Amino acid sequence: MSGVRRIQGGFRNGPGDRLRTGRDTVPPLVIVGTGMAGYTLAREWRRLDDRTSLLMVTADNGDAYAKPMLSNALAQGRTPEALVTADAVRMAETLNATIRTHTEVEAIDVPGRRLILAGGEAVGYRQLVLAVGASPFRPPLEGDAVTEVLSVNSLEDYARFRERLTQVRQLVILGPGLIGSEFANDLVAAGWRVTVVGPDPWPVSTLLPEAVGRTLQQGLTAAGVEWRLGRLASSVQRAGEGFRVQLDDGEQLEADLVLSAVGLRPNVALAEAAGLKVARGIVVDRYLRTSAEDIYALGDCAEVEGLNLPFVMPLMQGARALAPTLAGTPTPVVYPPMPVVIKTPACPVAVAPPPRGAKGTWQVEAIEGGVRARFLAGDGRLLGFALAGAAVAEKQGLMRDLPPVLA
Amino acid sequence: MAKWQCTVCGFIYDEEKGLPDEGIPAGTRWEDVPEDWKCPECGASKADFEMVLVTA
């Protein structure tokens with residue numbers, strides 16, 4: 001099977017192609033990024049093609065780790081090192097791949113079918129996958145300590161954060177979204193003091209209807225989290241050993257450490273500079289094809305039919321479809337109902353947001369120990385739900401009635 | 001009865017409780033969970049992402 005695919009590769013006559021048929025003369029599949037998207041794809045694809053060479057390029061050290069666990073490792077007593085499931089050397093062995101670590105990609109030479117690495121080295125590709133993720137959005141802040149504001153979006157960030165934590169007691173988290181709420185819960189559970197600041201009227205307001213957001217807020221408050229909602233931080237100044245966070249209503253908060261969790265922006269710069277179509281993310285179709293031939297995008301950097309969903313489940317679905325596509329069997333991505341679980345043990349939440357622009361209303365019911373909100377269309381069909389506390393147990397049952405996110 | 005944690009997302013499978021909603025009765029041991037089972041929270045498959053033993 002893999003022989004057939006290599007011959008298909010040999011038929012291409014782009015400038016980067018080689019016409020000889022020996023194993024090493026066909027350019028490799030190149031994956032940029034060794035996060036969950038890159039490694040999951042590599043694993044799935046290797047299962048279908050054990051012959052074609054694979055090159056992975058990453059700006060970090062290539063450790064494989066479970067990123068969703070960064071926001072709940074503290075209370076579980078896990079060190080950053082313990083979150084590493086395999087280092088780059090072991091991943092390279094497992095995947096029969098070459099993994100270039102600490103290597104930035106300068107540019108994509110689309111007509112030449114080559115990737116230009118930092119330092120000018122050019123690498124040909126048979127197919128190229130961009131799994132370059134998303135980066136924390138930096139809130140506009142004034143003050144002499146803005147560069148001291150941390151964000152955690154990688155294991156390396158997290159290791160730095162954990163090191164700083166050993167010397168601090170009081171944190172301010174900017175951004176009461178999913179990640180900010182998870183970190184707040186993890187920190188208070190492990191004994192730190194946390195105040196969460198943000199313009200949102202209730203936590204995770206982009207995903208949760210008010211009743212569910214308020215329930216989450218109460219749960220976290222009971223666990224010790226303080227809130228300054230409907231307020232924006234305007235500056236972060238040095239103050240003694242720590243920092244002073246100025247809010248737009250005049251209040252000042254003292255903090256030993258400021259963590260920013262205001263959101264992520266897909267990393268589109270590399271794709272955009274190469275002339276690929278980008279919108280919020282790198283624009284791809286159901287086959288995860290970008291606007292350029294044999295270039296694909298997967299995970300947090302990708303916008304699939306208008307949907308940029310920076311969660312694990314969509315990434316897994318994408319990797320499972322893209323692997324056969326790359327191996328010669330074009331396979332469209334299908335998104336089933338994909339509830340997002342918010343890892344806040346003080347008040348667990350599961351949410352399947354209704355499709356953008358869907359017409360309907362939230363029906364909210366309080367139950368013993370929780371709240372259930374269902375988003376119903378005019379004809380009574382279930383289009384989304386948000387569950388908090390004990391109601392989370394209803395997730396599996398409600399999921400069965402939901403339409404797929406992308407059929 | 002043991003608990004197993006998904007190394008991808010942190011989901012905990014509790015053998016004692018099983019996942020009755022998914023047709024896995026309470027008391028099902030991890031080794032008896034079907035090979036095509038996927039983590040209900042992140043979609044990681046049983047084969048790809050070993051669950052780690054949390055408590056025995």
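Modeller: Begin with one side-chain pair: the side chain of A:Gln170 is in polar contact with the side chain of A:Thr195, at 3.5 Å. Keep in mind that this is a predicted model.

Colleague: Where in chain A does A:Gln170 lie?

Modeller: A:Gln170 is part of strand β11 of chain A, which covers residues 170–174.

Colleague: Is A:Gln170 buried or exposed?

Modeller: The test is a cut-off: a residue is called buried when its relative accessible area is under 20%. A:Gln170 has 16% relative accessibility, so it counts as buried.

Colleague: Which residues does A:Gln170 touch, if residues up to four places away in sequence are not counted?

Modeller: There are two stretches to look for. A:Gln170 touches A:Arg193, A:Val194 and A:Thr195, and also A:Glu254, A:Ala255, A:Asp256 and A:Leu257.

Colleague: What about a residue in a loop?

Modeller: Take A:Pro176, in the loop between β11 and α5 of chain A, where α5 is 178–189. A:Pro176 has 2% relative accessibility and therefore counts as buried. Beyond its neighbours within four places in sequence, its contacts include A:Ser181, A:Val196, A:Val197, A:Trp227 and A:Leu229.

Colleague: Next, salt bridges. What is the general idea?

Modeller: Side chains of opposite charge can pair when their charged atoms come close. Over all chains the count here is 21 salt bridges. One of them joins A:Asp157 to A:Arg160, with the closest N and O atoms 3.0 Å apart.

Colleague: Why are A:Asp157 and A:Arg160 separated by about one helical turn?

Modeller: Because both belong to helix α4 of chain A, residues 155–165, and are three residues apart in it. A:Asp157 is buried at 17% relative accessibility, whereas A:Arg160 is partly exposed, with a relative accessible area of 48%.

Colleague: Which parts of chain A does the pair A:Glu182 and A:Lys343 tie together?

Modeller: The side chains of A:Glu182 and A:Lys343 meet in a salt bridge, 3.5 Å from N to O. A:Glu182 sits in helix α5 and A:Lys343 in the loop between β22 (340–342) and β23 (349–352), so the pair ties together parts of chain A that are 161 residues apart in sequence. A:Glu182 is buried, at 2% relative accessibility, and A:Lys343 is buried at 16%.

Colleague: Which residues are linked in a network of salt bridges?

Modeller: Such a network links A:Glu226, A:Arg228, A:Arg231, A:Asp249 and A:Glu251.

Colleague: Now the whole chain. How many helices and strands does chain A have?

Modeller: The secondary structure of chain A consists of nine helices and 26 strands. Its radius of gyration is 23 Å, close to the 22 Å that the globule rule gives for 407 residues, so chain A is as compact as a globular protein of that length. Along its principal axes, the C-alpha trace of chain A spans about 70 × 60 × 35 Å. Of the 407 residues in chain A, 55% are buried. Among contacts in chain A between residues at least 6 apart in sequence, 60% join residues at least 24 apart.

Colleague: What are the elements of chain B?

Modeller: Chain B has zero helices and three strands, and its elements run β-β-β from the N terminus on. Buried residues make up 52% of its 56 residues.

Colleague: How should I read the contact between the two chains?

Modeller: Read who takes part, then the area, then the pairs. The contact takes 17 residues from chain B and 22 residues from chain A. Together the two chains bury about 1,500 Å², with 48% of it on carbon and sulfur atoms. Between chain B and chain A there are zero salt bridges, and three residue pairs are in polar contact, both residues at pLDDT 80 or more. By class, the side of chain B that touches chain A has seven nonpolar, five polar and five charged residues.

Methods. Residues numbered from 1 in each chain as written. Chains lettered and ligands numbered in written order. Heavy atoms only, no water. Contact = heavy atoms within 4.5 Å. Buried area = accessible area lost by both parts, 1.4 Å probe. Salt bridge = Lys/Arg side-chain N within 4 Å of Asp/Glu carboxyl O. Polar contact = N/O pair within 3.5 Å; in protein donor to acceptor, adjacent residues only side chain to side chain. Nonpolar A, V, L, I, M, F, W, Y, C, P; charged D, E, K, R; others polar. Helix = DSSP H or I, 4+ residues; strand = E, 2+ residues; numbered from the N terminus. Rg over C-alpha atoms; globule rule 2.2 N^0.38 Å. Buried < 20%, exposed > 50% of the residue type's maximum accessible area, 1.4 Å probe, protein only.
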